[in-house]
Amino acid sequence: AGEVIERPVSVVKELVDNAVDAGASDVRIDVDGGGLRRRRVADDGCGIPAEQLELAFQRHATSKIGDVSDLLEIATLGFRGEALPSIGAVAEVDIASSTDESGHAATLSLRAGKIEKRGGRGRPRGTTVWVRNLFQPLPARLKFTRNPRTESAAIGQLIRRYAIARPDIRSALNLAGHTSSKT
């Protein structure tokens, strides 16, 4: 664990990897300002249990290892959720996650890695992560980002790669109001 978030595309990649590893069949991505202002990734995967939501934002936490034998059988895109603490440290993050069809999701809001609010809201099974104001707590990092158009293009290219590699997953990408989808 300990992913490095270098650019907006890094955030999108980690969140989409989490969705894929959660067994999602539908992933929706919304991006504004090249991913620096806002991005949202929503999926219909297995969700994160309410009692584990805070733990998902702790460094070196993973939902994929229950015992030592699991280390020999990992066949995923990474340790699900390992990037959440890194994302939370460099942006404002809100998450809503539900593990069933009850219509209720546990929620958490973080600012600069610190939990500000816990709660609940309506949401079917799956997880939605909102990430805003990337690198606001670390303005020096902003110098290494490119212009919003270039960052958006990188995100678009990433999602096209997922669409080719995983034709079984429906995806939609909305870049500043322009939607492209793959069914």
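In the predicted model, R166 is partly exposed, with a relative accessible area of 32%. Its salt-bridge partner is D168, and the closest N and O atoms of the pair are 2.8 Å apart. D168 is likewise assigned to the partly exposed class, because its relative accessible area of 48% falls between the limits of 20% and 50%. In total, twelve salt bridges are counted in the model.

Several of the charged residues are linked to one another. Salt bridges with shared partners connect E92, D94, R111, E116 and R132 in one network. Within this group, D94 and R132 form a salt bridge whose closest N and O atoms are 2.2 Å apart. D94 belongs to strand 3 and R132 to strand 6, so this pair ties together parts that are 38 residues apart in sequence. D94 is buried, with a relative accessible area of 12%, whereas R132 is partly exposed at 23%. A salt bridge also forms between E92 and R111, with a distance of 4.0 Å between the closest N and O atoms. Since E92 lies in strand 3 and R111 in strand 4, the pair ties together parts that are 19 residues apart in sequence. R111 is partly exposed, and its relative accessible area is 21%.

E116, another member of the network, is located in strand 5, which comprises residues 114-122. With a relative accessibility of 55%, E116 counts as exposed, because this value is over the 50% limit. Beyond its sequence neighbours up to four places away, E116 touches S109, L110 and R111. The C-alpha atoms of E116 and D94 are 9.8 Å apart, and the two residues are separated by 22 residues in sequence.

Strand pairing was examined next. Strand 1 (residues 26-32) and strand 2 (residues 38-43) are paired in the antiparallel sense over six bridges, and D32 stands opposite R38 of strand 2. The two strands form a hairpin with five residues between them, and G33 in the turn adopts a positive phi of about 65°. Strand 2 is also joined to strand 6 (residues 126-132) by five bridges, and these two strands run antiparallel.

Most residues other than glycine have a negative phi. A112 is placed in the loop between strand 4 and strand 5 and is partly exposed, with a relative accessible area of 44%. N133 also has a positive phi, of about 50°, although it is not a glycine. N133 is found in the loop between strand 6 and helix 3 (139-142), and its relative accessible area of 29% makes it partly exposed.

In strand 3, S97 has a relative accessibility of 2% and therefore counts as buried. The side chain of S97 reaches the backbone nitrogen of I48 at a distance of 2.6 Å. Apart from residues up to four places away in sequence, S97 touches G47, I48, L53, A105, A106, G126 and T127.

Helix 4 (residues 148-165) consists of 18 residues and reaches 26 Å from its first C-alpha to its last, close to the 26 Å expected at 1.5 Å a residue. The N-terminal end of helix 4 is capped by N147, a side-chain oxygen of which lies 3.0 Å from the backbone nitrogen of R149. The buried residues of helix 4 are E151, S152, A154, I155, G156, L158, I159, Y162 and A163. In an α-helix, residues three or four places apart point the same way, because there are 3.6 residues a turn.

In soluble globular proteins, nonpolar side chains tend to be buried together. The largest nonpolar core in the model contains 39 residues, of which V16, I29 and I159 touch the most other members. Two or more residues are given to this core by each of helix 1 (8-21), strand 1, helix 2 (84-90), strand 3 (92-98), strand 4 (104-111), strand 6 and helix 4. Helix 1 supplies the largest share, seven residues. I159 touches V12, V16, I29, S171 and L173, not counting residues up to four places away in sequence.

Notes: Residues are numbered from 1 along each chain as its sequence is written. This is a predicted model: local features need pLDDT of at least 70, side-chain atom pairs count only at pLDDT 80 or more; totals for chains, interfaces and linings use all residues. Side-chain values use heavy atoms; hydrogens and water are left out. Two strands pair if DSSP finds at least two bridges between them. Helices (H or I, at least four residues) and strands (E, at least two) are DSSP runs, numbered from the N terminus. The expected span of a helix is 1.5 Å times one less than its number of residues. Buried means under 20% relative accessible area, exposed over 50%, partly exposed in between (1.4 Å probe, protein chains only). A polar contact is a pair of N or O atoms within 3.5 Å; within protein, one must be able to donate a hydrogen and the other to accept it, and residues adjacent in sequence count only if both atoms are side-chain atoms. A nonpolar core is a set of buried Ala, Val, Leu, Ile, Met, Phe, Trp, Tyr and Cys residues joined through side-chain atoms within 4.5 Å. Contact means heavy atoms within 4.5 Å. A salt bridge is a side-chain nitrogen of Lys or Arg within 4 Å of a carboxyl oxygen of Asp or Glu.
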